[in-house]
Amino acid sequence: MKLFAITLVCLASFGSIQAQEVTFEDLNRASQKFMTGENPEAVLRGSLTLLSKEMQPIGHIFQFAPSGFVIASTSKSTRPIYAYSVTNDFLLSKEDDSKAKAIFSQDLINRIQFSDQLPFSQKTAIAREWEQFLDGRLLMTPVQQWPPEGSTPSGGWIETDWTQSAPFSKISITHLPAGLYLVRVSFEGEQILAGKIIKN
């Protein structure tokens with residue numbers, strides 16, 4: 001019974017920690033530490049705020065010179081770094097910029113809303129990642145690509161061999177054979193992809 005009570009107290013305190021939002025100042029400082037750890041020459045040159053429909057900050061985009069950016073969440077219920085790059089800038093056209101911000105904002109909102117459904121082990125890992133991020137000790141796993149870049153004529157993308165003939169170039173598919181579902185339909189010279197449904 002005593003162990004059960006201690007567990008409940010730990011879970012309650014963990015939940016209150018997860019619900020906390022992080023201040024802009026803390027995110028600013030942590031993002032600079034993270035980026036200078038990746039590139040010692042990086043210098044903060046500005047920031048943008050991602051807002052919910054209620055105009056509440058849910059993330060910040062920190063931009064660095066000579067290049068790089070960090071998109072950080074304001075909620076401890078999600079991983080601290082949403083996206084980052086050391087070699088690229090967050091520079092988009094005005095139209096693309098607003099679309100990207102809307103997509104990122106909605107995705108962050110979805111992640112926050114569904115964070116209660118995460119397994120306890122993942123919540124614990126997120127809390128540990130936040131602690132490392134705010135202390136300037138967070139190290140990201142290097143990105144791996146398969147096939148390796150330069151290993152194929154297409155620069156590492158998986159190659160496909162396909163053909164397409166009439167009538168699929170001009171008409172829409174309204175019926176598929178039993179046991180198949182449509183993944184993507186594109187016409188005028190693009191691929192039609194389908195996959196088999198496997199039922200247990």
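User: How far apart are the end C-alpha atoms of helix 2, and what should the 15 residues span?
Analyst: They're 21 Å apart, which agrees with the 21 Å that residues 24–38 should span at 1.5 Å a residue. The expected span is 1.5 Å times one less than the number of residues. Helices (H or I, at least four residues) and strands (E, at least two) are DSSP runs, numbered from the N terminus.

User: Is this a predicted model, or what is it?
Analyst: Predicted: local features need pLDDT of at least 70 and side-chain atom pairs pLDDT 80 or more, while totals for chains, interfaces and linings use all residues. Residues are numbered from 1 along each chain as its sequence is written, and side-chain values use heavy atoms, without hydrogens and water.

User: Which residues of helix 2 are buried?
Analyst: Leu27, Asn28, Ala30, Ser31, Phe34 and Met35. Buried means under 20% relative accessible area, exposed over 50%, partly exposed in between (1.4 Å probe, protein chains only). Their cover includes strands 1, 2, 3 and 4 plus helix 4.

User: New topic: what does Phe104 touch?
Analyst: Beyond neighbours within four places in sequence, Phe104 contacts Leu50, Ile71, Tyr82 and Phe90, contact being heavy atoms within 4.5 Å. Phe104 sits in helix 3.

User: How many salt bridges are there?
Analyst: 8 in the whole structure, each a side-chain nitrogen of Lys or Arg within 4 Å of a carboxyl oxygen of Asp or Glu. One of them pairs Lys101 with Asp97 at 2.9 Å between the closest N and O atoms.

User: Is Asp97 buried or exposed?
Analyst: Asp97 counts as buried, because its relative accessibility is 16%. Lys101, at 22%, counts as partly exposed.
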